[in-house]
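This report describes the strand pairing, helix packing and salt bridges of the structure shown below.

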Amino acid sequence: MISPPDFWQDPDGGKHPMALLLSPVEALYDFISKRKIRTATPYTAAGPVVCVGNVSMGGVGKTPFAIILAEQLQEAGRSPAFLTRGYGGTLKVPTLLGGTHTARESGDEAQLLKSAGPVVVSSDRPAGARLAFSASGTELLIMDDGFQNPSLHKNLSFLLVDSETGFGNGRVFPAGPLREKPDAARERAEAIVFVLPDRKADVPESLLGWAGDKPVLRAWLEAEMPRSQGQRVVAFCGIGRPDKFYRTAAQVGYDVVATRNFPDHHAFTAQDLTALQALAQQHDAALLTTQKDHVRLPQELQAQVATLPVRMHVDNKELLTSLLESLF
């Protein structure tokens with residue numbers, strides 16, 4: 001995936017010449033998306049479906065949020081399973097992941113979800129839901145992404161919004177970073193989750209005003225402290241906002257001496273690792289990457305690269321519990 005253009009995240013980028021040039025394509029994309037949602041007849045699954053989605057292209061923490069939903073449900077004695085389309089993977093038919101499936105087959109998000117519960121990979125969401133509920137004991141399905149996919153009925157939808165970038169230049173793809181207009185997305189959500197840069201950050205008043213009377217949760221990612229403060233590392237990743245990863249690594253105590261960016265969802269090769277190892281040797285440093293990138297490394301080379309484990313937290317578990325309990 002090519003890195004998004006700078007004008008997407010510029011609040012004044014809606015007036016950028018390229019955004020204006022792309023506005024006819026934007027209008028067509030938006031029209032098709034609205035029509036698809038309006039005319040669809042969603043499949044109703046055998047049990048409740050919870051959707052974790054966002055309005056912008058790229059990541060905002062959907063997978064970590066899906067994991068904490070599963071953990072909270074498990075603590076309450078429920079048995080959830082995950083449904084993901086397997087972006088970047090090669091699986092062509094609905095598949096219940098087993099221990100031998102790799103990120104190249106399933107996509108990276110599925111590998112992260114697998115640590116928290118059963119995972120079905122399927123670009124056909126209704127078929128994936130049927131497979132998930134046919135598995136013994138599955139009571140509820142958590143969709144990682146799929147908010148704009150109308151083929152499967154959602155009983156509860158969480159809309160995640162990055163509190164730092166908001167809605168970028170406010171325009172729909174390809175003139176901007178949005179999958180759809182924010183107001184339209186808000187109307188289909190049961191709760192808004194603002195993802196903060198850290199625990200102490202505030203949500204901008206403009207975004208709180210946009211949320212209106214929807215229930216609001218505040219969430220943030222926290223990284224584990226390294227075993228050795230000041231460890232020298234060459235950090236690399238293939239995610240939507242690489243600078244955020246490098247900043248976090250430095251904040252928790254790593255000495256980030258060099259960085260390397262790769263395209264989002266990059267399929268790492270042995271040649272990539274050879275070049276990175278040479279760079280690390282040059283700086284007398286270790287290699288560090290994200291959990292999401294680590295699962296995309298060649299398996300035989302994963303042990304040679306450290307990860308920065310992160311976990312999502314929410315500010316109001318009572319509200320989250322109440323929303324989940326409303327499904328049963």
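## The pairing of β1 with β5

Cys51 has Met143 in β5 as its bridge partner. Strand β1 (residues 49-54) and strand β5 (residues 140-144) run parallel and are joined by 4 bridges. Strands here are DSSP runs (E, at least two residues), helices are DSSP runs (H or I, at least four residues), and both are numbered from the N terminus. Two strands count as paired if DSSP finds at least two bridges between them.

The model is predicted: local features need pLDDT of at least 70, side-chain atom pairs count only at pLDDT 80 or more, and totals for chains, interfaces and linings use all residues. Residues are numbered from 1 along each chain as its sequence is written, and side-chain values use heavy atoms, with hydrogens and water left out.

## The sheet of 9 strands

The strands β1 and β5 belong to an open sheet of 9 strands with mixed pairing, in the order β3-β4-β2-β5-β1-β6-β7-β8-β13. Its edge strands, β3 (95-96) and β13 (310-314), each pair on one side only.

Helix α6 (residues 125-134) lies across β2 (80-84), β3, β4 (119-121) and β5, and runs at about 140° to β5. Contact means heavy atoms within 4.5 Å. Axes are lines fitted to C-alpha atoms, for helices over the stretch in contact, and angles run from 0 to 180 degrees between N-to-C directions. The loop between β2 and β3 holds Tyr87. Tyr87 lies 5.3 Å from Gly107, C-alpha to C-alpha, although the two are 20 residues apart in sequence.

## The sheet of 4 strands

A further open sheet has 4 strands in the order β10-β9-β11-β12, with parallel pairing. Because β10 (255-261) and β12 (306-308) each have a single partner strand, one side of each is left without a neighbour in the sheet. On average, neighbouring strands of this sheet are turned by 35° against each other, direction ignored.

Within this sheet, β9 and strand β11 (residues 286-290) run parallel and are joined by 3 bridges; Val233 has Ala286 in β11 as its bridge partner. Helix α10 (residues 270-282) packs on the sheet and touches β9, β10 and β11, with its direction at about 125° to that of β11.

## Salt bridges

Side chains of opposite charge can pair when their charged atoms come close. A salt bridge is a side-chain nitrogen of Lys or Arg within 4 Å of a carboxyl oxygen of Asp or Glu, and the structure holds 17 of them. In one of these, the side chains of Arg179 and Asp145 meet at 3.0 Å, N to O. This pair links distant parts of the chain, 34 residues apart: Arg179 is in the loop between β6 (156-162) and α7 (182-187), and Asp145 is in the loop between β5 and β6. Arg179 counts as buried because its relative accessibility is 14%, and Asp145 counts as buried at 11%. Buried means under 20% relative accessible area, exposed over 50%, and partly exposed in between (1.4 Å probe, protein chains only).

Glu164 and Arg241 form a salt bridge at 3.3 Å, N to O. These residues are 77 apart in the chain, with Glu164 in the loop between β6 and α7 and Arg241 in the loop between β9 (232-237) and α9 (242-252). Glu164 is partly exposed at 41% relative accessibility, as is Arg241 at 29%. A network of salt bridges links Asp162, Glu164, Arg241 and Arg247.
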